[in-house]
Amino acid sequence: MGHSCTGDPAQPWTENPHWNKKHDKCRFQHSHSSDFFWSCPGKISPLQMLIMTIIEIAVFAGNEHLVAEILMATDIGASMTIHAFGAYFGLAVAGVLYRPGLRRGHDNEESVYHSDLFAMIGTLFLWIFWPSFNSAIAEAGDKQYRAVVNTYFSLAACVLTAYAFSSLVEHRGKLDMVHIQNATLAGGVAVGTCADMAIHPYISMIIGSIAGMVSVLGFKFLTPVLATKLRIHDTCGVHNLHGLPGVVGGLAGIVAVALGASDMSTPVMQAAALGSSIGTAIVGGLIAGLILKLPIWGQPSDQNCYDDSVFWEVLSLGGENMTIISMNITATTTWNLNSNINMLINVDF
């Protein structure tokens, strides 16, 4: 465990009276509140990204103060204040910046094999470290341990549900990489609000299962509806990984508090916090979208969307080279996995 920068150097930072946990939470907020960005990549310029980030952080800070200081709601894993807020802020921006010319998709929008492979590595890291995100600012001791365990239970159940529903909704029972990369993490988002509360492990697993199911169904059915009916093009499916599971987490927090799992808040305050996070995000996102819609930010044209070469120097690799790279990565990953399994088998408990 890390040590504090003030006071007794041997004292853990989580127990140091000079350490304000809001400082540490701020660090996670700035790293994870970028959820809003993933509804717009490929369609806006770097300058627009910068402007959007500045506006979002300002609105986010206001909502965080309202939820934590005025409403006194509990949201240890930030299902409401980070995930739900970031998702609906980004969707509001995407709605204002909607491009009719892209309603039928774009040739560059589709993924490729090696890209999916690299993305899956990111998913594995997120899955492993999500419990540390949900528990980082929890009260040291039982609550922090509880947050870790509840998050792992929720993630494990979420993975099983995501795989099952992905196979259920896809043609011939095949798995969709988009579902596996994203929906398998939804359990970590959904259990965030009540991660440190006194809930049973099976409750965490129910929350994770619901999140995995909702996320997969969102990718399969809701995302096309948003694009065609509501004119909201969610590029990376932020609504299905952060928005919907964030709402599930907020609702789970309301029920958990109502059942006495925590005495730190009330169901009314929890509901107000969820409403505030979504409402503030939508209003702030609409304002940001209107500002970004001004024709002065160098927004790429429809034909140049999803093309890194517009703003970056891109090294071009042939398909054969990328295949070799992908095969090498797959072989290395498999070897490391087998080595780790063998190490676990040989451990003398």
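Modeller: A definition to start with: rings of Phe, Tyr and Trp count as a pair if their centres lie within 6.5 Å, and planes under 30 degrees apart make the pair stacked. Also, this is a predicted model.

Colleague: How many aromatic pairs does a search of the whole structure find?
Modeller: The search finds four. In one of them, the ring centres of phenylalanine 125 and phenylalanine 129 are 6.4 Å apart and the planes are at 5°, so that pair is stacked.

Colleague: Where are phenylalanine 125 and phenylalanine 129 in the chain?
Modeller: In helix α4, residues 113-135. They are four residues apart there, about one helical turn.

Colleague: And which residues do ring pairs link into a cluster?
Modeller: Phe60, Phe85 and Phe89.

Colleague: Stepping back, how many helices and strands are there?
Modeller: Eleven helices and zero strands. The protein has 349 residues, and 45% of them are buried. Of the contacts between residues at least 6 apart in sequence, 78% join residues at least 24 apart.

Colleague: What about α9, is it mostly covered or mostly open?
Modeller: Mostly covered, with 17 of its 21 residues buried. Helix α9 spans residues 238-258 and reaches 29 Å from first C-alpha to last, close to the expected 30 Å. Glycine 260 follows α9 and has a positive phi, near 85°.

Colleague: Change of topic. How many salt bridges does the structure hold?
Modeller: Two. One joins aspartate 302 and arginine 99, with the closest N and O atoms 2.6 Å apart. Aspartate 302 is in the loop between α10 and α11 and arginine 99 in the loop between α3 and α4, so the bridge ties together parts 203 residues apart in sequence.

Colleague: Is arginine 99 buried or exposed?
Modeller: Buried, at 10% relative accessibility. Aspartate 302 is partly exposed, at 31%.

Colleague: Which side chains meet in the other bridge?
Modeller: Those of glutamate 170 and lysine 220, at 3.4 Å from N to O. Glutamate 170 is in the loop between α5 and α6, and lysine 220 is in helix α8, 50 residues apart. Glutamate 170 is buried at 18% relative accessible area, while lysine 220 is partly exposed at 29%.

Colleague: Last one: which residues form the nonpolar patch on the surface?
Modeller: Val283, Ile287, Ile291, Leu294 and Ile296, with about 440 Å² of accessible area together. Leucine 294 is in the loop between α10 and α11 and counts as partly exposed, at 43% relative accessibility.

Technical notes. Residues numbered from 1 in each chain as written. Predicted model: local features only at pLDDT ≥ 70, side-chain atom pairs only at ≥ 80, totals over all residues. Heavy atoms only, no water. Helix = DSSP H or I, 4+ residues; strand = E, 2+ residues; numbered from the N terminus. Expected span 1.5 Å × (residues − 1). Buried < 20%, exposed > 50% of the residue type's maximum accessible area, 1.4 Å probe, protein only. Phe/Tyr/Trp six-rings, centres within 6.5 Å; stacked < 30°, edge-to-face > 60°. Patch = residues over 30% accessible without salt bridge, like charges linked within 9 Å, V, L, I, M, F, W, Y side chains within 5 Å. Areas by Shrake-Rupley, 256 points an atom, 1.4 Å probe, with all protein chains shown as cover. Salt bridge = Lys/Arg side-chain N within 4 Å of Asp/Glu carboxyl O. Contact = heavy atoms within 4.5 Å.
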